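Biologist: Could you take me through this model and tell me what stands behind each label you use? I would like to hear the rule along with each value.

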Amino acid sequence: MADFKKYEPLPKKDRTKVPRQEMPQQDPLERIKNFMEVPHGLSPEAAQIEASRCLECKKPLCMDGCPVEVDIPGFIRLVMDGEFIAAARKIKETNALPAVCGRVCPQEEQCEKVCVLTKKYRPVAIGNLERFVADYEREAGAVMAPKLPPSTGKKIAVVGSGPAGITVAADLAQMGHKVVMYEALHKAGGVLVYGIPEFRLPKKIVAAEIDYLRKLGVEVITSYVIGKLDTVDELMEQEGFDAVFIGTGAGLPNFMKIEGENLNGIYSANEFLTRSNLMGAFKFPENDTPIFAGENVAVLGGGNTAMDSVRTSLRLGAKNAYIIYRRSRNEMPARLDEIHHAEQEGVQFKFLTNPVRYMGDENGWVRAMECVKMELGEPDASGRRRPVVINGSNFTIPVDTVVVAVGNSSNPLIPQTTPGLETNRWGNIKVDDKTMMSSRPGIFAGGDIVTGGATVILAAGAGKVAARGIHNYVMGTPFYADDDKKGAKETESETKK
Amino acid sequence: MFKILEKEELCDKVHRFRIEAPRIVRKAKAGQFVILRQNESGERVPMSIGGLDKENGILTVVIQEVGKTSASMNRMKAGDFFADVVGPLGIPSHVEKFGHCVCIGGGVGIPPIYPIAQALKEAGNKVTTIIGSRSKNLLIFEKELSEASDQLLVSTDDGSFGTHGFVTTILQKMLDDGVKIDMVIAIGPVPMMKAVVNTTRKPKIKTYVSLNPIMVDGTGMCGACRVTVGGQTKFACVDGPDFDGHEVDFDEMTKRLKMYSRYEKIAYEKFLDDEHCRLGKQVKQMDKQDR
């Protein structure tokens, strides 16, 4: 039965005349005083109107743009028909994390980028619709585990409970395997709980996703450090796991190795965000963990993590919150939405600027940073134009807090304690990208520990590939059957995105 | 959830907790640490391992009340539970046959010296342990350490017990007397560790110190615990906690340890106020009942 009245489809030629439905959101001046979510979500009516914009293309390009192969036209049609819960379940056939992905995926770079409407009009708001149906299902109390197949008797350990781990665990559980998920922190969700702020991804949503895993029969064990308490080999030899998936993320914060970087008030983004998000330091002293965000806060970097950090600092009371980025606005890797949100909230962007040293006071607190201006030269390996220092352009900015958000390296804990596990020169685990199996049979990996810092959806995509690889491995079915070229091809194109 | 099996006051504001943690104890080695979290709103606090009962799976930690979190933990009783005990974390202390090892502990740095002294002894070393405190009544783990070491020497700042002076007073005297020392490991307050490495610098005795900077996750993710060692930034949680003492920038570490002192004061005072209020209410209630 429909959850809502069916929306009569317009003739296709009229669909392009419907404007994209705007997402209602908290006023910028209000929202910088709280940690509540910025966009309020679409109303059912607006969702149906937005869904009615879909041209229902015969060859839906949007699906090619989705790393986890969501049936986008299928779920959008269900929204138009008012079948919101059915729409949510349609997404969940391939994506365990719709409420999360609807909020944090860079849709403008993926599904919405290739939407046919994008050429002449604005794309269908696929991300907003995804978020809408996932929220609708959850708020209606309608989240249910699908019927599970009979047990295969195989047992798989998932190390790390971030987006890659969640996806692997959900997929494997739905194939009938017993899954145990290990998390080093006290709360499951990985970067979704320690890294992404409440105002962008409320923690109750992550908690609901973890609950969903439990409904699928996944055992979730927190405060358990693999590599210290049990090694990966011990999991396989002593705990009887048939395969292990490593999704431990890019956990080691990068610093710039410049003078004064260990002064008080200088944080890695991981620490700053972990204090605020995971430990709830924004509620100090109600919560015990403190955080320091002064009046003049500089955040280094141009990614989503930098945007999250700078917007957190405003909510913690910063008067001047700067983004210091060594390239120009065009090269910033952050989601467009987050850059817009930061601008609306009064973040000051200092482009083509790079710090060279920090100056502190006698008590060891940072007081100022010396920066240089940059200009863009030839493209580098990343395809972006390389920033070059303009000699003699040095200037000083007064700061009392600095957040370094210039990326992460891979945490060495597991590679160090797993003999024979091959890594590349950045310490990332080497895998076969069709199966996600590492150099050690039975040990698989995916997400940031393989690619270096990337996005939630790419990690989820890797998780899907790994789940298939693990399934084939533990069931003894061939990885690449010659008579199943289509399957192999699909996986290949998936990992490229 | 991790059950407190026994709790004992060692001296004013210092308590020993024996916690049921068989999996951690099975894996832990001397020199490693754990992270404790009391409850949902609690902090993650790194604590040195002050004893490993491998047979019964019991972990010992010694907690000194210095702020809100430690005060609140020290109000817990046997039978209560810590929400989380994570570990073992960090690299175990370097244990091999050095010859004559001198283990030095000061204040709440004394308990973690105990499993290290035991391990060094087991590895065939001669172990001399020096412990120091401000005063006799603050001296802890004396019995344990006298059992674990070939020789136990004690100093008190006020001369109320043992040698009048600091642990370095004893160490310097040993050097002056020509005692051959092959390795020193020191755990305690930063000024004590700094004084120890300054004593062993000239005679070039290999000296390890166990650092206890501010930490959040303890697995290398947050970078809060960075310390400068030999001019390089290291993360104490994954590169340590033990480092070559002669290479450590103690002055930077001292400043970093004070980063949250203002906040710590606010939280501690609020905690003591609240506790005072609660006690006051209880007394009033009892007064009423008496009348």
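Biologist: Where does B:Pro241 lie?

Modeller: B:Pro241 is in the loop between α7 (236–239) and β17 (242–244) of chain B. Helices (H or I, at least four residues) and strands (E, at least two) are DSSP runs, numbered from the N terminus. The peptide bond joining B:Gly240 to this proline is cis, and its omega is about 15°. This is a predicted model, where local features need pLDDT of at least 70, side-chain atom pairs count only at pLDDT 80 or more, and totals for chains, interfaces and linings use all residues. Residues are numbered from 1 along each chain as its sequence is written, chains are lettered from A and ligands numbered from 1 in the order in which they are written, and side-chain values use heavy atoms, with hydrogens and water left out.

Biologist: Which peptide bond of chain A is cis, with omega near 5°?

Modeller: That is the bond from A:Phe284 to A:Pro285. A:Pro285 lies in the loop between α13 and β7 (296–300) of chain A. A:Ser223 belongs to the loop between β3 (219–221) and α12 (232–237) of chain A.

Biologist: What makes B:Arg23 and A:Asp230 a salt bridge?

Modeller: The rule asks for a side-chain nitrogen of Lys or Arg within 4 Å of a carboxyl oxygen of Asp or Glu. Here the closest N and O atoms are 3.4 Å apart, so the pair meets the rule. Across the interface of chain A and chain B, 5 salt bridges are found.

Biologist: How many residues of each chain are in contact?

Modeller: Counting heavy atoms within 4.5 Å as contact, 46 residues of chain A touch 43 residues of chain B. The area buried between the two chains is about 3,700 Å², and carbon and sulfur atoms give 54% of it. Buried area means the accessible area (1.4 Å probe) that two parts lose on being put together, summed over both. In chain A, A:Lys228, A:Asn262 and A:Asp288 lose the most area to chain B, together 19% of what that side buries.

Biologist: Which elements give two or more residues to the side of chain A that touches chain B?

Modeller: They are β5 (252–253), β6 (266–268) and α13 (269–278) of chain A. α13(A) gives the most, with 4 residues.

Biologist: Why are β6 and β9 of chain A said to stand at the edges?

Modeller: Two strands pair if DSSP finds at least two bridges between them. The open sheet has 5 strands in the order β6-β14-β7-β8-β9 (chain A), with parallel pairing. β6 and β9 (348–350) of chain A each have a single partner strand, so one side of each is left without a neighbour in the sheet. The twist averages 20° from one strand to the next; axes are lines fitted to C-alpha atoms, for helices over the stretch in contact, and angles run from 0 to 180 degrees between N-to-C directions.

Biologist: How do you know that β8 and β9 of chain A pair?

Modeller: 3 bridges join β8 (residues 320–324) of chain A to β9(A), and at least two are asked for, so the two strands pair.

Biologist: What is the strand order of the open sheet in chain B?

Modeller: Its 3 strands run β4-β3-β8 (chain B), and the pairing is antiparallel. β4 (45–48) and β8 (84–89) of chain B are the edge strands, each pairing on one side only. β3 (residues 33–37) of chain B is joined to β4(B) over 4 bridges, and B:Phe33 stands opposite B:Ser48 in β4(B).
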